[in-house]
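Subject: Structure for your review

Dear colleague,

Please find below the structure that I am handing over to you. My notes on what was found in it follow directly after.

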Amino acid sequence: TTEDFLLVQQLRAAAPSVGFRVINVVRLKLFETSLPARDLAVVTKPVTLKKLWRAFHALLPGCMGELPPDSAGRRNVVSSVKKNISVLVVDDVELNRRVVVMKLSQLGITNVHSVCSGMEALQAARSAETPFDLILMDKMMPGLDGCEATRRLKADPRYAAVPVVGITANCDAEGTRACLEAGMAAVLGKPLDTTAMFQLLQKLLEEDPAPEQESKPSVMEEEVIQVE
């Protein structure tokens, strides 16, 4: 907006030797500015990681390196994962469950059931007509925690071979060891790294593993950053 650029001009006048760049976030790109193109990048809402990356790349080309690959890499991950898999997400925090469900949908996995406790996870797993293909389990939950819930699930013959992935904010060596000893196949740290999650699920769920062809998925285009 006009007010934004007036503020920028005032900052420039106050510190003429700084030479800072500006990324302006707008709903519609419908304005003119006197700022040199080398000093200004405009990002339209909704803001995504890919838009921000391009803005930084335009302003600081010597610092950002090459642009990452587009979503083709992510589509390669999607194509290698078994279709129509079912996933159980277990976390006592609703926002965390929603984030995991969103990231799974980016991978093309939409058959997802979420519960808020270890006890509910056991009930959902045992009552499922067909066993879940994958379980994403929060480690720290009140009552029955993720490790104990995993031990009980693994005692059920139907889930002995089903991978359980632990999700924890305390992803240190001791916490990871506790998860693995409980029967989890792997552990992901919070906040979830989307690329790491995609690569792990590819390894656990792909139909035809091809270790010599490492995939490098990109989610730069789909990850929306909330900006008011």
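The buried residues of α6 pack against β4, β5, β6 and α7. In this predicted model, those buried residues are G118, A121, L122, A124 and A125. They lie on the same side of α6, because the arc they cover around the axis is only 165°. Q123, R126 and S127, on the other side of α6, are exposed. The C-alpha atom of E120 is 9.5 Å from that of L144, a residue 24 places away along the chain.

As to the chain overall, its secondary structure comes to 9 helices and 9 strands. Of its 228 residues, 39% are buried. Taking contacts between residues at least 6 apart in sequence, 62% join residues at least 24 apart.

Five strands form an open sheet in the order β5-β4-β6-β7-β8, and the pairing is parallel. The edges are taken by β5 (111–115) and β8; each has a single partner strand, so one side of each is left without a neighbour in the sheet. On average, neighbouring strands of this sheet are turned by 20° against each other, direction ignored.

Within the sheet, I looked at β7 in particular. This strand, residues 164–168, pairs with β8 in the parallel sense over 4 bridges, and I167 has L188 of β8 as its bridge partner. β6 and β7 are likewise paired in the parallel sense, over 4 bridges; here the bridge partner of I135 is V164 in β7. How many of the residues of β7 are buried? The count is 5 of 5, and the strand is mostly covered. Both of its faces are covered, with V164, G166 and T168 buried on one side and V165 and I167 buried on the other.

The largest nonpolar core here has 23 residues, of which L88, V90, I135, M137, L153 and Y159 touch the most other members. At least two residues of this core are supplied by each of β4 (86–90), α6 (118–127), β6 (134–138), α7 (146–154) and α8 (173–182). The largest share, 4 residues, comes from α6. As for Y159 in the largest core, leaving aside neighbours within four places in sequence, its contacts are A125, A128, P131, F132, I135, L153 and K154.

Helix α8 has G175, C179 and A182 as buried residues. They cover an arc of only 65° around the axis, and therefore sit on the same side of α8. A173, E174 and E181 are exposed on the other side of α8. The buried residues of this helix pack against α7 and β8 (186–189). G183 follows α8 and has a positive phi, near 115°.

Finally, the cysteines. How many disulfides does a search of the whole structure find? The search finds 0. C147 is in no disulfide, and the nearest cysteine sulfur, that of C179, is 4.3 Å away.

With kind regards

Note on methods: Residues numbered from 1 in each chain as written. Predicted model: local features only at pLDDT ≥ 70, side-chain atom pairs only at ≥ 80, totals over all residues. Heavy atoms only, no water. Core = buried A, V, L, I, M, F, W, Y, C linked by side-chain atoms within 4.5 Å. Buried < 20%, exposed > 50% of the residue type's maximum accessible area, 1.4 Å probe, protein only. Contact = heavy atoms within 4.5 Å. Arc of directions from axis to C-beta. Disulfide = S-S within 2.5 Å. Pairing = 2+ DSSP bridges. Axes fitted to C-alpha atoms, helices over the stretch in contact; angles between N-to-C directions.
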